[in-house]
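Subject: Structure for your review

Dear colleague,

Please find the structure below, handed over for your review. My findings follow directly after it.

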Amino acid sequence: MIRSRLFPITAVVTLIIAVWYAGAVFLNATFEYQSAARADQQITFAEVLPKTMAQERPVLPAPHQVAQEIWKTTGEMIQRGRPFSKRSLIYHSWVTLSATLLGFVMGTLLGILLAIGIVHSRVMAKSVMPWVITSQTIPILAIAPMIIVVLASVGMTGLLPKSFISMYLSFFPVTVGMVKGLRSPEVMHMDLMHTYSASPVQTFWKLRWPSSLPYLFTSMKIGIAASLVGAIVGELPTGAVSGLGARLLAGSYYGQTVQIWSALILAAICAGLLVTLIGMIGDRVNKRMGIREATN
Amino acid sequence: MQEPGLLIGCIIFWLAAWYANTRLASIETRSRTLSLLINLAIPILFGAAIIALWEGITRGFGVPPVILPPPSAIWERIISSIPMLWSDFVQTYLKAVVSGYVMGCTLGFLTAVLVDRSPFWKAGVMPIGNLVSALPIIGIAPIMVMWFGFDWQSKAAVVIVMTFFPMLVNTVAGLNAAGHMERDLMHTYAATRGQSLLKLRLPAAMPFIFNALKINSTLALIGAIVAEFFGTPIVGMGFRISAEIGRLNVDMVWATIFVAALAGSLSYGLIALLERAVTFWHPSMRSQR
């Protein structure tokens with residue numbers, strides 16, 4: 001399975017990198033031609049080519065420039081024994097990740113609680129569920145700046161306001177997935193619990209909760225990706241000094257494209273790692289519970 | 001306590017609404033229209049109760065408007081600044097979101113149809129597309145602002161990139177959704193590739209495509225607004241939010257959010273209606289009973 005996929009994936013990744021290099025040459029060449037024209041020199045394409053890969057502030061940095069920048073701000077920092085200095089991307093990633101994780105845990109708990117309420121109470125199902133869905137058609141990230149500023153005005157700064165945004169973004173997939181999951185036991189099984197004269201609590205722990213776990217992990221994967229976006233956007237409006245979002249903002253103020261790209265790639269790596277981690281935990285739990293494949 | 005009467009009145013209204021909802025939810029009825037009405041009335045009543053409670057608490061306890069303005073103040077602000085809100089709406093929604101959304105969805109769709117021809121590329125594109133859909137793509141906003149300038153073109157570019165991948169992944173998945181039996185049937189008809197695509201596989205892919213359209217309608221608005229945080233001309237919903245929050249005009253921010261919420265919900269509703277018309281055959285569209 002994995003081996004048959006490996007080759008096509010490598011092909012697509014190679015294609016993306018090739019397009020990236022071509023784009024870097026194409027977009028950065030204008031600058032080189034212009035500066036050559038200013039110096040009254042003729043410049044050939046063969047001369048321009050290497051220069052487009054090594055500009056200080058390129059329009060589009062070449063992949064290896066970004067890789068070097070990432071290595072300089074992570075690996076080298078570890079080698080010098082200062083992995084948590086303010087210049088290191090590890091520090092900034094940690095700031096963002098801690099907000100992400102806190103918000104994700106809060107959002108997941110809120111989502112599960114809401115789903116339990118919705119499944120067990122008709123009133124809640126009919127009155128809350130439509131609003132949960134409506135709340136997601138609202139571009140909630142737009143109110144991120146307000147949440148940050150308002151919470152700062154009542155003396156809440158740092159980790160918590162960012163986590164609130166992450167929480168808001170991650171509770172929705174969990175609620176929807178868990179409502180589906182908690183309702184997934186078959187009528188036969190529910191009837192069986194009924195013949196055992198099981199209380200609602202017993203039915204919940206012994207039937208509903210176990211059968212909802214595959215749904216929980218599927219929606220947690222979506223939720224944690226959304227949490228990371230929330231934490232990054234939460235760092236934008238206040239001019240935060242640390243975190244991946246702050247690196248993006250600082251990079252865009254000072255035209256440091258390499259810095260923007262390295263923060264972006266690192267955010268992508270974080271997202272990939274988090275989603276994979278949740279997926280692995282989910283697989284392991286599902287296997288122990290005897291569920292063969294996660295259903296959507 | 002500034003207006004205890006108002007606070008008490010609102011709490012009574014909230015309790016009454018809660019009680020009414022409990023009664024409404026327990027009504028069993030055979031009539032289709034009646035049950036539809038009940039299902040509409042309950043969330044509306046719930047929403048009204050929340051707004052009443054919001055009004056009562058902010059006015060009753062005298063919460064400073066910088067933290068949370070009461071709904072009535074927000075409404076006054078909306079009414080009094082319609083021209084400004086409209087120009088923001090035109091700049092962000094009609095220019096950036098709509099053009100970016102249409103281009104991004106079309107590109108994603110066309111790429112998916114192309115990729116679908118080759119199992120090799122399909123196997124490569126799907127995992128990568130799924131991964132990219134989980135990435136914080138919104139981060140490319142500063143880059144796009146550098147490339148395409150401050151005006152709406154850069155926002156549309158962000159929207160294109162954000163909407164491209166969900167559309168690609170969903171369409172590729174949808175084109176595989178047609179069953180083997182139906183495909184074999186098309187084969188026995190000696191249908192060409194194009195015919196079986198148009199007559200069988202695209203219609204079968206429609207639920208997936210509409211799913212992507214729905215996801216994208218929210219993503220597009222978010223993308224355009226957040227991209228405006230990185231630099232805009234002095235108009236636009238994202239600009240309004242970041243500028244007014246700097247001046248602590250929280251009611252103006254809420255007014256803009258109201259417009260954004262309205263735009264988001266309406267476009268979502270429009271797509272849902274279209275879906276109902278196009279995929280009327282799908283099991284999820286059948287009556288619940």
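Which residue just after H6(B) takes a positive phi? The residue is B:Gly149, with a phi of about 85°. Helices (H or I, at least four residues) and strands (E, at least two) are DSSP runs, numbered from the N terminus.

Please note that this is a predicted model, in which local features need pLDDT of at least 70 and side-chain atom pairs count only at pLDDT 80 or more, while totals for chains, interfaces and linings use all residues. Residues are numbered from 1 along each chain as its sequence is written, and chains are lettered from A and ligands numbered from 1 in the order in which they are written.

Confidence. The predictor assigns the complex an ipTM of 0.77 and a pTM of 0.82. The average pLDDT (the predictor's confidence in each residue, from 0 to 100) of chain B is 84, and 97% of its residues score at least 70. Among the elements of chain B, the lowest mean pLDDT, 79, belongs to helix H1 (residues 4-25), and the highest, 91, to helix H4 (residues 82-116).

Chain B as a whole. Chain B contains 11 helices and zero strands. Its radius of gyration, taken over C-alpha atoms, is 24 Å, well over the 19 Å that the globule rule (2.2 Å times the number of residues to the power 0.38) gives for 289 residues, so chain B is more spread out than a compact globule. Along the principal axes, its C-alpha atoms fill a box of roughly 80 × 60 × 30 Å. Buried residues make up 40% of chain B; a residue is buried if 20 or more other C-beta atoms lie within 10 Å of its own, exposed if 12 or fewer, and partly exposed in between, with C-beta atoms placed from the backbone.

Helix H6 of chain B. Six of the eight residues of this helix (residues 141-148) are buried, so H6(B) is largely enclosed by the rest of the structure. The buried residues include B:Pro142, B:Ile143 and B:Met144. They pack against H11 and H12 of chain A, together with helix H7 (152-175) and H9 of chain B.

The interface. Counting two residues as in contact if their C-beta atoms, placed from the backbone, lie within 7 Å, 43 residues of chain A touch 49 residues of chain B. On the chain A side, H6(A) provides the largest share, nine residues.

Nonpolar cores. A nonpolar core is a set of buried Ala, Val, Leu, Ile, Met, Phe, Trp, Tyr and Cys residues joined through C-beta atoms within 7 Å. The largest has 128 residues, and those with the most contacts inside it are A:Leu228, B:Val159 and B:Ala260. H9(B) gives the largest share of this core, 15 residues. Beyond its neighbours within four places in sequence, B:Val159 is in contact with residues including B:Ala96, B:Gly100, B:Tyr101 and B:Ala224. A second, separate core of six residues includes B:Ala17, B:Ile42, B:Phe46 and B:Ala49.

A:Ser197 has a positive phi of about 50° although it is not a glycine, and is placed in the loop between helix H9 (187-195) and H10 of chain A. B:Ala190, also not a glycine, has a positive phi of about 55° and sits in the loop between helix H8 (180-188) and helix H9 (193-228) of chain B. A:Ser197 counts as exposed, with 7 C-beta neighbours inside 10 Å, and B:Ala190 is exposed with 7 other C-beta atoms within 10 Å.

Yours sincerely
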